[in-house]
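Subject: Structure handover

Hi,

Here is the structure I promised to pass on.

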Amino acid sequence: MNTYYRVHRRDLPALCAENAYSAEWGMNFVSVSEFRCGNCGGTGDGGYGPDTWTDDDKLIPGEAMPCEACCGSGTEEAQRGYSCCESLAQLADYFAARGGVSPELVDVYAFAGQEMNFSGADGEALVIPDDTTIRKLEPAEWLPAFQTAEAAEVGA
Ligand SMILES: [Zn+2]
């Protein structure tokens, strides 16, 4: 069975199969399976449609439109499964390319689980962990790989 590695924000619900939903990095979850729409910032507001002129030169203001991304709900359904990588080195590279992580805000977990047959926003694996295999890594186990990857990214 494959082992998967994931950076998990400490302000998110605990890492377990039941909570295994993903959105793009940086999205704010409003519940376990829904996140605030990034297109409208959660207002559901899509701005106004175009103003139109009638034949007798009356201006009809555009109608208020719902946000296209979330259809006006302000939230979007997250994808089932956790976004993760198949090695610590891959995970470190993934985050180095996106500005790195703040070690005081995240933990890194290793787990086995069921890989979903679709992938995340960046083409990474989405996996529902097997709760009995979840292990939180000590910073000493993962920080060096991340520091190396970030140094390589800065020098690239
Ligand atoms: Zn929206």
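The axes of helix 1 (residues 88–96) and helix 2 (residues 139–155) come within 8 Å and cross at roughly 45°. Helices here are DSSP runs of H or I of at least four residues, strands are runs of E of at least two, and both are numbered from the N terminus. Axes are lines fitted to C-alpha atoms, for helices over the stretch in contact, with angles from 0 to 180 degrees between N-to-C directions. That angle makes helix 1 oblique to helix 2 (under 35 degrees is roughly parallel, over 145 roughly antiparallel, 65 to 115 roughly perpendicular, the rest oblique).

Residues touching across the pair include Leu88, Ala92 and Phe95 of helix 1 and Trp142, Phe146 and Ala149 of helix 2 (contact: C-beta atoms, placed from the backbone, within 7 Å).

Before you go further, note that this is a predicted model: local features need pLDDT of at least 70 and side-chain atom pairs count only at pLDDT 80 or more, while totals for chains, interfaces and linings use all residues. Residues are numbered from 1 along each chain as its sequence is written.

Three strands form an open antiparallel sheet in the order 1-11-14 (strands pair if DSSP finds at least two bridges between them). Strand 1 (4–9) and strand 14 (135–136) are the edges, each pairing on one side only. Two bridges join strand 11 (residues 106–111) to strand 14, and Tyr109 has Lys136 in strand 14 as its bridge partner.

Cheers

Technical notes: Two residues are in contact if their C-beta atoms, placed from the backbone, lie within 7 Å.
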